[in-house]
Amino acid sequence: MALERLFRRRRAKGEARDVPELWVKCPNCDAQIYKKDLEANWYVCPKCGYHMRLSADKRVELLADEGSFQKTTGLKPVDALNFTDTEPYPKRLERYQREAGRPDAIVGGRCTVGGVPSVLLVMDYAFAGGSMGSVVGEELTRGIEAAANENRSVVIVSVSGGARMQEAALSLMQMAKTTLALDRLWARRLPYISILTDPTTGGVTASFAAIADVILAEPGALIGFAGPRVIKQTIRQDLPEGFQRSEFLLKHGMVDKVVDRRKLKETVADVLKLLYPRD
Amino acid sequence: MSVVSSAAQGMGPKPYGESTGEVCVALEFEKPIADLEAKIAELEGFATKSGVDLSDELSVLRERLAQLKNDTFENLTRWERVQLARAPGRPTSLDVIGGITTGFVELSGDRAYSDDAAVVGGLAYLEGEPIVIVGHQKGRDTKENIYRNFGMPHPEGYRKAMRMMDLADRFGRPFVALIDTPGAYPGISAEERGQAWVIAQSIQRMARLRVPAVAIVLGEGGSGGALAIGVGNRILILENAWYSVISPESCAAILWRDAKEAAKAAEALKLSAFDLLELGVVDRIIPEPGGGAHRDPKATFVHIKQALLETLAELKPLPPEALFEDRYRRFRGLGRFQE
């Protein structure tokens, strides 16, 4: 479920190497892209359309109406289990916090999206592979509850290796907590859009991310319950081409649309306007 | 926590030994006990046959055996409990349903794709009261385990469980879920049919029940595949069962890069019933007979039934909306963080 390590390796391979230079090489087509162009294009390769990983802050910039975002997140994680593997959890946390520049793997707040009052919650892959522990679960739940109380829609962008092992059963319980919170929204007939990005697996997919009113996915994103390596180990055979990718899930009826990042804001705003209460 | 002694049932615990069937297999950490039992049996046989009086020697050995058993089972490590939770002969969901209910009518199918043998469920009487009961189902031997997919459900299994939840709501029957799975099946077929999606749906469906819902972790509570039927008003757990975000082996493979470090991972994950009670993840521990549930299933059933009846009696006075709110509150409070 929590496959941080696997994805850390993937990142090394799959993400644009962020050299201080002005040029970035596309990991898919090898094209040399001027970094400013790539940024302006939301980290989608202008040559082949490959979607590179986008930071959580850039996501907020992409989706929230300009100047509307007011951050509400900021809870800090604790080592409730006194967890130590090859190093103590608090030491890992310090490193993750330094790397990601935030206390845990989520950023969120109030904003408007296409003019619709919303709560936007974005997971951050840079923090422990976007794994969900108590803080992520609580921030999501508070955000959803706030939306229900204030008549806002909810937009959640998922990117996660799954539940965080270092918080063990408490991480698992966040799946139930976040899912239950969505019932508050349901009762108020407020829309919830889930956006699945590369990668979204494990306990995140198997809870709040999969039970939205509308589910959108970015092209080529790895999305599933079990990670491909676990499946390969279980069945001892190679996985089919494109298995667990967005397009595969669209074909199998699991997502509503695969949307190019450059059209994402427009699509989200369209859906919200169609679903949000009219009076 | 109440204890009903197994002696009250007139059923002695099963002896240790090497063969399966009526005799239980000794687990790795139980080997010294099994060896000592064998030695005692051998001496007893010799004494009877030869007529030599060995009663002094035997009483010393029996005392040592009692001490050894005590030392072993009073100080079980988390990893030893995991082994007990997986012990051959440990009561499965169907065993428990047979042991605590009457008139069980098993229902099948998800009405969409197929019938998943890794999940069983149906209608039954608990002390004369109709209930709906569902559980993960492992096999009792290799052949049955293959049929049951080792208790690892596909999406159709969770859809079957959700059908049972619908029945419980529609007819106002208490819903009981028995958890015993290494995890939801991680395979191509399961992914294609939306494993993550049905687990999320099942969590949501169970959360929405307007009847009393009780989940009991019988053996293995493997991650999301367990939680899918674990959103009860109360969560009970057998003394030696485990419940965790990931199995000790998988956790060890990722964090220690070696599945053989599972014992360390089991300790770190704090996955035992006692840990989970402290964390508020479970509400009550159901005691097991000495040596584990598989040594005396009948006594185990008595304990389970008593705990379940008491829990349902607590929930029964609550009206439907209050039951939903109670469940909301129960899970809302889980998590540790700093403001």
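**Notes on the predicted two-chain model**

1. Starting with helix α3 of chain B: its buried residues are B:R78, B:E80, B:R81, B:V82, B:L84 and B:A85. Helices are DSSP runs of H or I with at least four residues, strands are runs of E with at least two, and both are numbered from the N terminus.

2. A word on ground rules. This is a predicted model, where local features need pLDDT of at least 70, side-chain atom pairs count only at pLDDT 80 or more, and totals for chains, interfaces and linings use all residues. Residues are numbered from 1 along each chain as its sequence is written, with chains lettered from A and ligands numbered from 1 in the order in which they are written.

3. What covers α3(B)? The cover over its buried residues includes β7 (213-222), β9 (242-244), α10 and α11 of chain B. Contact here means C-beta atoms, placed from the backbone, within 7 Å.

4. Two of those covering elements also meet each other. The axes of α10(B) (residues 248-256) and α11(B) (residues 262-269) come within 8 Å and cross at roughly 100°. The two helices are therefore roughly perpendicular, a label used for angles of 65 to 115 degrees (under 35 is roughly parallel, over 145 roughly antiparallel, the rest oblique). From α10(B), B:P248, B:E249, B:C251, B:A252, B:L255 and B:W256 take part, facing B:A262, B:K264, B:A265, B:A266 and B:L269 of α11(B).

5. Now the chain–chain interface. Chain A puts in 51 residues and chain B 45. On the chain A side, α6(A) gives the most, with 13 residues. By class, that side has 31 nonpolar, 14 polar and 6 charged residues. Nonpolar covers Ala, Val, Leu, Ile, Met, Phe, Trp, Tyr, Cys and Pro; charged covers Asp, Glu, Lys and Arg; the others, Gly among them, are polar.

6. Finally, confidence. The predictor gives the complex an ipTM of 0.92 and a pTM of 0.91. Over residues 1-12 of chain B, though, pLDDT is below 50. Where pLDDT is low, the predicted coordinates should not be read in detail.

Conventions: Axes fitted to C-alpha atoms, helices over the stretch in contact; angles between N-to-C directions. Contact = placed C-beta atoms within 7 Å. Buried ≥ 20, exposed ≤ 12 C-beta atoms within 10 Å, placed from the backbone. pLDDT = per-residue confidence, 0-100.
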